[in-house]
2 protein chains.
Amino acid sequence: MTQTVLVFLDPAHPDGRVEDAGRPTLYATDLGVTRGDGVFETLLVLDGHVRKLPAHLSRLHSSARMLELEVPEHEAWERAIVTALAEYQRTVGVLDEVVVRLVATRGVEGEHAPTCWVGAFAPAHSAKRQREEGVDVVLLDRGYDSDIAERAPWLLLGAKTLSYAVNMAALRYAHSQGADDVIFTSSDGQVLEGPTSTVLVAHAETDDDGKVTFKRLVTPQLDSGILPGTSQGALFAAAKEAGWELGYGPLEPEDLFDADAVWLISSVRLLTPVNHLDGKPIGERSLVKTLTEELAGLFDRIA
Amino acid sequence: MTQTVLVFLDPAHPDGRVEDAGRPTLYATDLGVTRGDGVFETLLVLDGHVRKLPAHLSRLHSSARMLELEVPEHEAWERAIVTALAEYQRTVGVLDEVVVRLVATRGVEGEHAPTCWVGAFAPAHSAKRQREEGVDVVLLDRGYDSDIAERAPWLLLGAKTLSYAVNMAALRYAHSQGADDVIFTSSDGQVLEGPTSTVLVAHAETDDDGKVTFKRLVTPQLDSGILPGTSQGALFAAAKEAGWELGYGPLEPEDLFDADAVWLISSVRLLTPVNHLDGKPIGERSLVKTLTEELAGLFDRIA
């Protein structure tokens, strides 16, 4: 088992309360476990720097608002993260690549106080391998219309909740089909997102020497009920500066099959090319490589 | 806070391992809390007797199969329940009315062994009050077509998972509208279920003296992606013996507005009449009372 460092947010400990992750720390009556009632974020620390911290904290609060869950302010999380990383460095070693998970549950039944903690641990080996080698993906129906999010706020679309059983089941289903990952579609046939990632699509034009003369990066539009991707947001800003045209869906599966490259992007696995979608190869190998290297380079440099 | 008795299923303790619910017993890396990845059941113990135990254990295993989660066999759960009730009697007192919760999570990340426990605690006061006084209910869109369950097994429709954030959000939304509870509808307009209950609908005919001469009990059909209700199943069997006609959906909201009575039925709150649906009164007061008393009497007597 990977070693995990745990720091609980605790009003009595302004910098957070360090706990031994090898011991039980949660109550069996916590609504986080009995109802999946809570929110979370997963961040990446590279060489000691927490990437996209403001965007993650902002989305944590946005998710919590959708759940009507009061969670501590940014500063309390920031302090606990600093404590967790110091503890990680002391007990595990270097901070070259560390995953930080923020969790806030509705707390123990009847106590009306959230349970909040920060976990720090090493990324799964599969993350690096998939990023380098690409993934095979299946399209799966998410069951929702692309226009339901706004008229049915109780469905919590766009909130990153702890109720991830469907996302996990979709990944198991993909594995049973020999694939690595999933892109969800809406019941009206729009491309949504991965269970733990945002979908990016590129179209490019090249001249006779193979030099890219036009490049466009597209992602599904937010009002389709997907999670606002912190990685997508950061990469779009960087890509715009680098001369990419940007676009927002609606996207249909055909748009993915016709693309010059498709990626799943997320905070820990980073920019991961889709090699096959429903068994069909995506893009032309050398152009995919060129575009992936350019975007990965841009994404590496963001704060 | 309600006193809870906790018994963990543990191969080293065939009768279960009693734990102090006032202390942390779960790991922060348990996939039950980080991913809502697990299943549960809620049972009622009346006067020392566990109601519908085989049906609940059977549904727990059925839910677990949908999640590809291996959980202990019936006997291990039964032993842990006996231990929990003995401990409850010893520490809290009489077993006149006790809620028993069975939980199985996918366990601590990377350990590939489920975390399983039995909790025993007193029912919420609101359960009895709502059962006696009835509830006001709003119809809310669940966002799924009624025919998606079979073609999209990764959506886990029909499994009772720990990922209940949407159910909890729907209840909060109902409360914000001044209602007590929710009946979900499918995106194609069919009546589905409550967030924690099954919907029952009655039609009755009376003679000139007000005596019931015909009575029919209907519930939405299972292939609409709802949870198979253990209470509905038991009550249907008893009602059939008592001369009720039985029927299975599809039901539409109009069928509820036109009904002589509508109930939400569940294991702990039992048979609870719906007074108003989207603000409109349901049924005629004295007939609702007659039908409720008859069905509640039948339901009380089931094992």
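User: What does helix α3 of chain B lie across?

Analyst: In this predicted model, α3 (residues 74-91) of chain B lies across β1, β2, β3, β4, β5 (97-105) and β6 (115-121) of chain B. Its direction is about 155° to β1(B).

User: What makes β2 and β4 of chain B the edge strands?

Analyst: Look at the order first: the open sheet has six strands, β2-β1-β6-β5-β3-β4 (chain B), with antiparallel pairing. β2 (13-20) and β4 (49-50) of chain B each pair on one side only, and that puts them at the edges.

User: How do you know that β1(B) and β2(B) pair?

Analyst: The cut-off is at least two bridges, and β1 (residues 5-10) of chain B has five with β2(B), in the antiparallel sense. Within that pairing, D10(B) stands opposite H13(B).

User: How many bridges tie β5(B) to β3(B), and how many to β6(B)?

Analyst: Nine bridges go to β3(B) and seven to β6(B), against a cut-off of at least two, so both count as paired strands. Both pairings are antiparallel.

User: Why is β8(B) called largely enclosed?

Analyst: Buried means under 20% relative accessible area. Five of the five residues of β8(B) are buried, so the rest of the structure largely encloses the strand. D181(B), I183(B) and T185(B) point one way, V182(B) and F184(B) the other, and all are buried.

User: Which way does β7 run relative to β8(B), parallel or antiparallel?

Analyst: Parallel: five bridges join β7 (residues 135-141) of chain B to β8(B). V137(B) stands opposite D181(B) there.

User: Why is the pair F40(B) and Y164(B) called edge-to-face?

Analyst: Ring centres must lie within 6.5 Å, and planes over 60 degrees apart count as edge-to-face. Here the centres are 5.0 Å apart and the planes sit at 80°, so both tests are passed and the pair is edge-to-face. Over all chains, the count is nine aromatic pairs.

User: What makes that pair a link between distant parts of the chain?

Analyst: F40(B) is in strand β3 (residues 38-46) of chain B, while Y164(B) is in the loop between α5 (148-151) and α6 (165-176) of chain B, 124 residues apart. Both residues are buried.

User: How do you know that K280(A) lies over the face of F257(A)?

Analyst: The charge has to be within 6 Å of the ring centre and within 35 degrees of the ring normal. K280(A) lies over the face of F257(A) at 4.4 Å from the ring centre. R51(A) lies over the face of F299(A) as well, at 4.7 Å.

User: Why are the two copies described as related by a two-fold axis?

Analyst: Chain B can be laid on chain A with an RMSD of 0.0 Å, by a turn of 180° and a shift of 0.0 Å along the axis. The copies are therefore related as by a two-fold rotation axis. The same surface serves both: 100% of the contact residues of chain B recur in chain A.

Technical notes
Residues numbered from 1 in each chain as written. Chains lettered and ligands numbered in written order. Predicted model: local features only at pLDDT ≥ 70, side-chain atom pairs only at ≥ 80, totals over all residues. Heavy atoms only, no water. Phe/Tyr/Trp six-rings, centres within 6.5 Å; stacked < 30°, edge-to-face > 60°. Helix = DSSP H or I, 4+ residues; strand = E, 2+ residues; numbered from the N terminus. Buried < 20%, exposed > 50% of the residue type's maximum accessible area, 1.4 Å probe, protein only. Contact = heavy atoms within 4.5 Å. Axes fitted to C-alpha atoms, helices over the stretch in contact; angles between N-to-C directions. Least-squares fit on C-alpha atoms with pLDDT ≥ 70 in both.
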